[in-house]
Amino acid sequence: MHIKYSKGGSRLSTRLIEMATTDMSFSINADILTWARKELNLSIDDVARKMKKTPNVIEGWEAGSSSPTYAQLEKLAYEIYKIPMAVFFFSEPPESTKVKASFRTTPDAVYNRIPSAVLKIFREAEIMIDNLYELKEGLNSIDQWNSLKEFAGTDIYVVADNLRKYLDVSVAEQKSWGSSEFALRFWREKVTESGIFIFRNPFKEIEYSGFCLYDEHFPIIYLNSSNSKNRQIFTIFHELWHLLSHTSGIDFLHDSKTIDFFDKASRDIEIQCNRFAAEFLLPDAEFEKIVSNHEADEKTVATIAAEFSVSRELVLRKFFDYKMVAQSDYDCLTAKWNEEMIANRKSNSGGSYYIN
């Protein structure tokens, strides 16, 4: 959400300074308190818990029957709602373009379930686009993005093949890397050189692998840096299909129940994104050469994943699509791997450089 703030005058600045020197409560625009809370999908109870107050206190603030102190306003502004404190004194809620408008292919039932912590990252991403416009004076100096956009609207397999030629990365070169860490760094640099800006953030919510925000000049992709390197690679190309389709999107874990809330049209888009990422990173032609003499077991999946620097889920999905793995086996293995990932994340939460 990008908020357009008007410039504050000296009178407001003086008032804030006066408030900082006292514990008294001051009258603010209660409507803006409600607006700020709803922008992040927070409930009254959520805010009460963060403020260590009863819900009745928060309700009183939003009803205008009471007001928070300066210290409480600071916490609301800077720790919970992530907005300048002066906004609370505006005559009406500021104009804003909610990120929700960008996710036009994401159903309301899905968007409304997004945790406030993730919505704050969405807000951070939109501010990042504004910063890019200011830093680069409104012009993306990388002309490749305009060339890349020409791929949109064509067949997934054609785009995947053309994109690999455009990035000048052969399958043989990809197989020579031998390191997921190198692969992630390489793909990120290649896509960034094409005019798409990629940022990483350690999302606390494991269900969200990343997202993208489409912009005509400065499209961006955010990766959940808490996920495995191979999963982050998959997310780059999942989101790239969204951007080539001129849409913003969110990448969920493969077994996420969130997909159940998508309507058919939205679900079809997510399926296209997954198929594109899978085809680009492990082309069907290459997969067919490999599996002709291999069994579809967990060891084979791990071997192929390591060879191509891709996730095991991607390889397993290929086997499933080729009807070489039963639905029950597919569900069992993906559930097992997700449990392993969660356990590994918890065990490394204190000392892993990448998680920190």
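The following legends describe close-up views of a predicted protein model.

Local features are described where pLDDT is at least 70, and side-chain atom pairs where it is 80 or more, whereas totals for chains, interfaces and linings use all residues. Residues are numbered from 1 along each chain as its sequence is written, and side-chain values use heavy atoms, with hydrogens and water left out.

**Figure 1. Overview of the predicted protein.** The protein has 17 helices and six strands; helices (H or I, at least four residues) and strands (E, at least two) are DSSP runs, numbered from the N terminus. Of its 356 residues, 49% are buried. Here buried means under 20% relative accessible area, exposed means over 50%, and partly exposed lies in between (1.4 Å probe, protein chains only). The protein exposes about 17,600 Å², of which carbon and sulfur atoms supply 50%; accessible areas come from the Shrake-Rupley method with a 1.4 Å probe, and for residues only the protein chains shown count as cover. Among contacts (heavy atoms within 4.5 Å) between residues at least 6 apart in sequence, 68% join residues at least 24 apart.

Figure 2. Helix α9 covers residues 156-167. Ile-156, Val-159, Ala-160, Leu-163, Arg-164 and Leu-167 are buried in α9. Viewed down the helix axis, the buried residues fall within an arc of 130°, so they line one face of the helix. This arc is that of the directions from the helix axis to the C-beta atoms. An α-helix has 3.6 residues a turn, so residues three or four places apart point the same way. At the start of α9, a side-chain oxygen of Asp-155 comes to within 2.9 Å of the backbone nitrogen of Tyr-157. After α9 comes Asp-168, with a positive phi near 60°.

**Figure 3. Glu-279 and its surroundings.** Glu-279 is part of helix α13 (residues 264-281). Its relative accessibility is 11%, so Glu-279 counts as buried. Not counting residues up to four places away in sequence, Glu-279 touches Tyr-157, Ala-160, Asp-284 and Lys-318.

Figure 4. Helix α16 (residues 312-321) is largely enclosed by the rest of the structure, because seven of its 10 residues are buried. Just after α16, Lys-323 has a positive phi of about 60°. Thr-300 lies in helix α15 (residues 298-308) and, at 10% relative accessibility, counts as buried. The C-alpha atoms of Thr-300 and Leu-316 are 9.4 Å apart in space, although the two residues are 16 apart in sequence. Leaving aside neighbours within four places in sequence, Thr-300 is in contact with His-294, Glu-295 and Phe-319.

Figure 5. The whole structure contains 20 aromatic pairs. Rings of Phe, Tyr and Trp (its six-membered ring) pair if their centres lie within 6.5 Å; planes under 30 degrees apart count as stacked, over 60 as edge-to-face and the rest as tilted. The ring centres of Tyr-133 and Phe-218 are 4.7 Å apart and their planes are at 75°, so this pair is edge-to-face. Tyr-133 lies in helix α7 (residues 116-135) and Phe-218 in the loop between β4 (208-213) and β5 (220-224), so the pair ties together parts that are 85 residues apart in sequence. Tyr-133 is partly exposed, at 25%, whereas Phe-218 is buried, at 0% relative accessibility. Phe-186 and Trp-187 form another edge-to-face pair, with 5.8 Å between centres and 80° between planes. Both belong to one aromatic cluster, together with Trp-177, Phe-182, Phe-237, Trp-241, Phe-276 and Phe-280.

**Figure 6. Glu-307 and its contacts.** Glu-307 is found in helix α15 and is partly exposed, at 30% relative accessibility. Leaving aside neighbours within four places in sequence, Glu-307 is in contact with Gln-174, Lys-175 and Ile-290. The side chains of Glu-307 and Lys-175 are joined by a polar contact of 3.3 Å. A polar contact is a pair of N or O atoms within 3.5 Å; within protein, one must be able to donate a hydrogen and the other to accept it, and residues adjacent in sequence count only if both atoms are side-chain atoms.

Key
The expected span of a helix is 1.5 Å times one less than its number of residues.
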